[in-house]
Amino acid sequence: MSNDTPTKSKEYIRPMPANWWLTKRTYLLFMIRELTSVFVAAYAVFLLVLAIRRNDPEAFAALLSNPLLIALQVICLPMVVFHTVTWLNLTPKVLVVWRGEERVNPLLIAGAHYVAWAIISIVILSISCP
Amino acid sequence: MARSNEPIFWSLFSAGGVVAAFFLPITIVITGILVPAGWLSAEELRELVSHPLTRLYLFVLISLPMFHWAHRFRYAAVDLGFKKHAGLLPVACYGTAVLATVVAVWFLLPQSAAV
Amino acid sequence: MAASETDQSGPTMSMDVFRYEPDKDTEPRYQRYEVPYREDWVVLDALNHVKDQIDGTLSFRWSCRMGVCGSCGMMVNGEPKLTCAAFLRDYYPEPIRIDPLNYFPVIRDLIINIDDFLGKLNDVKAWLIPKEEKPVSEGEYRQSPAELAHYKQFSMCINCMLCYAACPVYGQKSEFIGPAGIALAQRYNLDSRDGAAEERHDAIFSDEGIWECTFVGDCTRVCPKNVDPAGAIQQAKVTATNDFFKSMLMPWGNK
């Protein structure tokens, strides 16, 4: 059949709609997940500006009390947390650990990452707030 | 079909994703909630930021997540119909990350380079 | 399956079926059929009822009707499904829409052109290429249960192509080797008897291979055999990255 193509010109090709990512819930969640990277970048830029201003106490404090920047961070936080959760949940797909014939339970792999996230957060928090 | 150079970009994307996942949420809590709410003083944070280890930490927190964004954003654009090698797209994305990295190196790593 | 009885009296269900007859149509259309609703019927039963009792011109592929041959994949209400495994009772009483598998050219009605996929099976060399050829007289290739476990999940693929119909990357760019193609390449790469991983890597570590994938993950979700092609692809990315840096940092290695 693959060598016989008299009907090939009459094949119907369905166009892929530009809004394909809105047509299914899983596609939409995927797109949101990808776009969390924008909020990751936005906060990284904020951190950069903040760190550059470290030798000017007034400018530094002003950046941290600016209502617009606070609002931006409040929006960034759930988006970045969504990045973290979706990222950690996918770690078992990338990190496959074998013990003989059995795979280490994927939930354990993800769980270990969540524990690490909690520990790291606590450490950073305690360093920042002595 | 030749083997791709993609591993370079994918490694940066992965490293940035890990750094962003583990370290960014608590950092946002610190700068976006704790300081504005008064539970941590801006001045204390500022002194902490001046420390060389903190500056190194911040450099990692800025540069790698920017490369994470660059790779992911580029491919999200491709998923939305852009061509993968459409001239400006990869340059704009990775270029921005390189720029942020260069700025971070210039201003963060030396002790006194802050503005 | 009692498709020979025309059950006029019982409950019925509506099916809107994608029709495209290339000798008559320039554009596809939907045709609505009223089929008997039976609790134990699957969509394939309803389609066969249509073909046998209502409209013999409707064309579609099917074979084993038990979820092992991979022939009967179609879109049911926009989701790729094996129609022999999609029960009417999960949709009743709403009408259901049947389309050919997404992202493939339509030859006629619900029949798609699968040449692209078959070509990719060739490109990834989806067959065993033993490390050492040995004649039958020298006995079997031996493999431990642990060695089998490493690739067994990927060997469950029945080539039904539901994963391709779920993959928006494949939808945008049909050069992408695709979920099943890469999962099958991994099935052989991870097989301890196989010796052709390097050759397959040339195919799948390319820009049309694993690097097109943005890990949407829908392929794994729709797979009827739990092959987890998304997992196969991500693991391949790790392998490719390790290989890349090894060959860069240690170019004297055996490559």
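C:Lys125 sits in the loop of chain C that runs between helix H2 (115–123) and helix H3 (145–152); helices here are DSSP runs of H or I with at least four residues, strands are E runs of at least two, and both are numbered from the N terminus. Its phi is near 50°, a positive value in a residue other than glycine. This is a predicted model, where local features need pLDDT of at least 70, side-chain atom pairs count only at pLDDT 80 or more, and totals for chains, interfaces and linings use all residues. Residues are numbered from 1 along each chain as its sequence is written, while chains are lettered from A and ligands numbered from 1 in the order in which they are written.

- How exposed is C:Lys125? With 18 other C-beta atoms within 10 Å, C:Lys125 is partly exposed (buried means 20 or more other C-beta atoms within 10 Å, exposed means 12 or fewer, partly exposed is in between, and C-beta atoms are placed from the backbone).
- C:Asn77 also has a phi near 50°, again a positive value in a residue other than glycine.
- You'll find C:Asn77 in the loop between strand E3 (73–76) and E4 of chain C, and C:Asn77 counts as partly exposed because it has 15 C-beta neighbours inside 10 Å.
- There's a cis peptide bond between C:Tyr92 and C:Pro93, with omega about 5°.
- C:Pro93 belongs to the loop between strand E4 (79–82) and strand E5 (96–99) of chain C.

**Two domains in chain C**

- Chain C splits into domain 1 (12–112) and domain 2 (115–249), with bounds from an automatic or database domain assignment.
- The domain centres, taken over C-alpha atoms, are 30 Å apart.
- Domain 1 puts 13 residues into the contact and domain 2 puts in twelve (contact means C-beta atoms, placed from the backbone, within 7 Å).
- On the domain 1 side, E3 and E4 of chain C each supply at least two residues, and E4(C) has the largest share with three residues.
- By class, that domain 1 side has eight nonpolar, four polar and one charged residues (Ala, Val, Leu, Ile, Met, Phe, Trp, Tyr, Cys and Pro are nonpolar, Asp, Glu, Lys and Arg are charged, and the others, Gly among them, are polar).

**Where chain C meets chain B**

- The contact takes 16 residues from chain C and eleven residues from chain B.
- Helix H5 (168–172), helix H7 (197–204) and helix H9 (229–249) of chain C each give two or more residues to the chain C side, and H9(C) has the largest share with five residues.
- Helix H1 (residues 6–34) of chain B packs on H9(C) at about 115°, with the axes 9 Å apart (axes are lines fitted to C-alpha atoms over the stretch in contact, and angles run from 0 to 180 degrees between N-to-C directions).
- B:Pro7, B:Trp10 and B:Ser11 make this contact from H1(B), against C:Lys237, C:Ala240, C:Thr241, C:Phe244 and C:Phe245 of H9(C).
- The H1(B)–H9(C) contact has five nonpolar, two polar and one charged residues.

**Where chain A meets chain B**

- 42 residues of chain A touch 42 residues of chain B.
- On the chain A side, two or more residues come from each of helix H1 (25–52), helix H2 (57–65), helix H3 (67–94) and helix H4 (106–128) of chain A, and H1(A) gives the most with 14 residues.
- That chain A side has 31 nonpolar, eight polar and three charged residues.

Conventions. Contact = placed C-beta atoms within 7 Å.
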